[in-house]
Amino acid sequence: MSETTGASYAAAGVDIEAGDRAVELMKEWVKKTRRPEVLGGIGGFAGLFDASALKRYERPLLASATDGVGTKVDIARRLGVYDTIGHDLVAMVMDDIVVCGAEPLFMTDYICVGKVHPERVAAIVKGIAEGCVLAGCALVGGETAEHPGLLGADDFDVAGAGTGVVEADRLLGPDRIRKGDAVIAMASSGLHSNGYSLVRHVLLDRAGLTLETEVAELGRTLGEELLEPTRIYSLDCLALTRTTEVHAYSHVTGGGLAANLARVVPDALHAVVDRSTWTPGAVFELVGRTGDVERLELEKTLNMGVGMIAIVPEESAEAALTTLADRGVDAWVAGEITDRGDKATGAELVGDYAV
């Protein structure tokens, strides 16, 4: 009898057994994110979360967000380091959710690969699970998709979606902001997960640096700096709302500090942020100097050392800084809320950075 020569899924490049192996490897990490409201385990068609926990709310508002980590995944791929990129994913999703005052509840992920390498996929999920623990949410499910022919064997991308909840009368945002409020900046851990197309173009393509290059002002290799995980502020922000009055948060991501801050400032008011209150980390200066990038271009692309903003009453600023310091978050009063006047946008940076 002749051998079978018909087409098969495996021959087309999809390895179902490798996918099953990846699921087995990731189970222990997903389990670490479990909250009491989670029902069942991974492997089903949908993650289950017991919504009866919301009965304690008078009027619960569900907050949702979805995001990825952009071209930072290319750095992880080049270095062969896969267990940190998940932190970035959780930060991008859950720190958006906490901006309105919502408590992160659960998250799902989507990992797309050219070829399933079980240990690699499990490492990515490990990072996501660790990020979920830092954000206080559960990882209730996800999907791993193998796309041979569309992606190279070592190529991958990650995305995720999350859900949180906030009591309606505790919703934070523009309606709460008042003239005279203090603008508190929370330090970033570095580039976070935005602007990597510019960073890669400047440092790798134009300057010809390698990820293994030791950069004196960074105190480590370029790859180690670029792969530094995004700081997850979710639990810090929730702690701040419990200990003092907070009017709004702004997560500094794509678009930079001024543009993201303007999103939460009401039409009649204006946020003025003083650059002289901090010194951006060395990586920001490196990108600007190496690529001859103008300051305004840097500021609308990178976070410049500020990953999250809290807007609080002026009289609450000192208490807010104490709470953040107790939690190990470097924070400072960076500006204030003023009248809008004839300003075209809701926020601006003034002065020069401290040196």
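Start by selecting helix H9, residues 282-291, where the buried residues are Val 283, Phe 284, Leu 286, Val 287, Gly 288 and Gly 291. Buried means under 20% relative accessible area, exposed over 50%, and partly exposed in between (1.4 Å probe, protein chains only). Helices (H or I, at least four residues) and strands (E, at least two) are DSSP runs, numbered from the N terminus.

This is a predicted model: local features need pLDDT of at least 70, side-chain atom pairs count only at pLDDT 80 or more, and totals for chains, interfaces and linings use all residues. Residues are numbered from 1 along each chain as its sequence is written, and side-chain values use heavy atoms, with hydrogens and water left out.

Next, show what covers the buried residues of H9: the cover includes helix H5 (196-206), strand E8 (214-215), helix H6 (222-226) and helix H10 (295-299). Then step to Asp 292, which follows H9 and has a positive phi, near 50 degrees.

Now select Glu 314, in the loop between strand E12 (306-312) and helix H11 (317-326). Glu 314 is exposed, with a relative accessible area of 59%.

Of its 355 residues, 52% count as buried.

Definitions and conventions:
Contact = heavy atoms within 4.5 Å.
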